[in-house]
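Visitor: I am new to this structure and would like to learn how to read it feature by feature. Could you guide me?

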Amino acid sequence: MMALALWVLRRFLSWGVVVASFFIVTLVAGTEYYCFHRQAFGRPAPLAVVAFRVEVALLVWSFVASILLVPKTIKYLPNADEIAEQARGLHLMLPSGSLHPEDVLQWCKICRSYKPPRAHHCSQCNCCVTKMDHHCPWVNNCVHVGNQKAFFLFVLYVPIACAHSAAMMSPFALNVLLRRKKTISTFDTAVGIWCLTACAALVLVVGYLMKEQGVSLRYNMTPIEGYIVDKAETRRVNRTPSIPSFTYPYDLGFRRNVWEVFGHSAATCFLPTACPFRVYWPVLHGCSQFDLTMEQLSQKSEKALSSKQVVVLRTFNGRSLARRVVFCIPQIMHLGCCATLACPCVEPALDIAKGDTLVVSRFEKYWMFGRKKEQSATDYQPTGWFPRKLVKSLGDEPLPYPELAPMRGSWELPVRKAGEGRKELNDADIAFGTAFVFFDGARFRYRFSKEAFSVRKEPQTGVCSLNGVALVSRSLTELKWADGETWVRYSSGAAGANRKRGAC
């Protein structure tokens with residue numbers, strides 16, 4: 001019992017929760033003071049009083065539920081059978097064999113487990129959070145699948161209660177503006193102005209947050225997932241237009257999206273109850289559980305190939321970045337005026353020391369975003385921003401398997417009839433008579449599908465495999481797999497000859 005009490009106390013002893021609680025308490029106390037103890041300004045109707053107190057009770061309930069409903073953590077280590085069951089709908093056009101979890105899921109180096117579909121690691125909560133929206137400092141918690149309903153109701157009840165409070169305090173405002181009551185004390189005036197100003201500010205700020213949560217609820221898409229979808233559309237339009245358009249698999253329509261969060265019961269619709277935890281989600285017809293995670297893997301693969309390595313020339317303390325922004329004279333002397341003004345204050349900064357090797361994935365004019373180079377495959381390094389003038393470029397980040405670099409490019413693989421081969425075919429493949437795959441040095445992606453699969457190298461034997469099938473031999477023009485299939489390098493000038501050579 002003592003441990004539970006200490007845990008609850010730690011949840012509430014956060015600067016964001018304390019500030020939010022201060023606003024709630026002062027607004028409720030100010031409204032009660034003016035409406036029910038200062039009779040000179042008039043007393044509101046009894047029905048308005050009851051409605052306001054019900055709104056406050058629901059607001060406080062939702063606030064407390066948003067704080068205490070913490071993310072549920074699990075060790076997600078699925079086996080091959082579970083992956084195959086949930087991967088139905090993927091058009092596998094790669095060598096046969098069971099899917100490996102690494103092909104469709106992301107591995108979390110901190111939690112030492114795979115990230116479930118729609119899960120992201122939160123550095124504040126220090127765990128992988130399912131359906132993570134964002135980490136909200138005002139509730140000292142992540143907005144996730146468990147407290148999404150409670151948080152939405154919280155940001156809904158705050159503007160409603162504040163608008164109701166301002167309406168009930170309108171007689172005071174009229175008396176002050178029209179100077180009908182010349183005996184209003186300085187204390188009454190200060191409290192009234194504070195309450196009305198805070199009500200107006202909260203209606204605007206929290207109302208905007210409510211609008212954002214409404215959009216997330218409408219499309220069943222968190223801001224993180226929206227960012228992934230935007231990148232998926234951008235890379236297809238600007239970089240690789242031959243990839244089919246990406247379909248977000250979790251948007252089931254307005255009614256089903258709302259039911260998924262609020263439930264079907266009208267009695268508990270506006271009560272901040274917990275949403276059930278789940279690993280797998282309802283998806284659109286023709287989609288699978290891993291469409292979004294595989295799109296993330298493809299995006300990270302492209303980002304890794306475009307990453308650069310830099311070496312640090314001077315030490316930089318990222319933890320004191322906020323202090324340097326406030327007292328900007330040392331910052332200007334250390335980095336310059338332009339770099340100080342362009343400082344990314346919202347996202348974290350990275351501590352770097354002279355001689356460190358960094359891997360950069362995002363580039364700005366005065367700042368770079370990246371991480372320290374891992375010493376091993378299981379090593380985890382935090383990410384953050386650091387000044388561009390303090391580092392020197394070393395070139396591109398090396399591929400995971402340098403010996404496979406000559407294999408980069410397009411390849412043809414033969415198409416077999418249904419029932420004879422080891423892959424599902426679509427109309428586009430049959431029309432062309434040949435399937436095309438592209439290898440970027442780390443992952444294979446095929447032409448008429450959205451999925452991409454990583455090449456894996458067995459540590460014991462050193463043999464490279466793809467989707468469970470070993471690569472027997474390779475050359476600049478031909479790849480031979482253990483299942484007897486041969487892939488031929490694609491050449492637009494010799495397409496017909498390549499198709500004949502690739503037949504099994």
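Visitor: What share of the contacts in the protein chain with a separation of 6 or more comes from residues 24 or more positions apart?

Guide: Contact here means heavy atoms within 4.5 Å, and residues 24 or more positions apart account for 66% of the contacts with a separation of 6 or more in the protein chain. Please keep in mind that this is a predicted model, in which local features need pLDDT of at least 70 and side-chain atom pairs count only at pLDDT 80 or more, while totals for chains, interfaces and linings use all residues. Residues are numbered from 1 along each chain as its sequence is written, and side-chain values use heavy atoms, with hydrogens and water left out.

Visitor: How many helices and strands are there in the protein chain?

Guide: There are 16 helices and 20 strands, taken as DSSP runs numbered from the N terminus, with H or I over at least four residues for helices and E over at least two for strands.

Visitor: How should I read a pocket, and which residues are closest to the centre of the second largest pocket?

Guide: Rolling a probe the size of a water molecule over the atoms shows where empty space is left. On a 1 Å grid over the protein atoms alone, a pocket is an open set of points where a 1.4 Å probe fits, with protein on both sides within 12 Å along at least five of seven lines, and lining residues have an atom within 4 Å of a point. The second largest pocket has a volume of about 540 Å³, counted as the space filled by probe spheres set on the points, which are joined across faces, edges and corners. Its lining has 27 residues, of which A20, F154, V158, L202 and V206 are the closest to the centre. Helices α2, α3, α6 and α8 and strand β5 each supply at least two residues of this lining.

Visitor: Which residues other than glycine have a positive phi, and are they buried or exposed?

Guide: Most residues other than glycine have a negative phi, and most peptide bonds are trans. One exception is R112, with a positive phi of about 60 degrees, in the loop between β1 and β2. Another is N220, at about 55 degrees, in the loop between α8 and α9. Buried means under 20% relative accessible area, exposed over 50%, and partly exposed in between, with a 1.4 Å probe and protein chains only. R112 is therefore partly exposed, at 43% relative accessibility, whereas N220 is buried at 2%.
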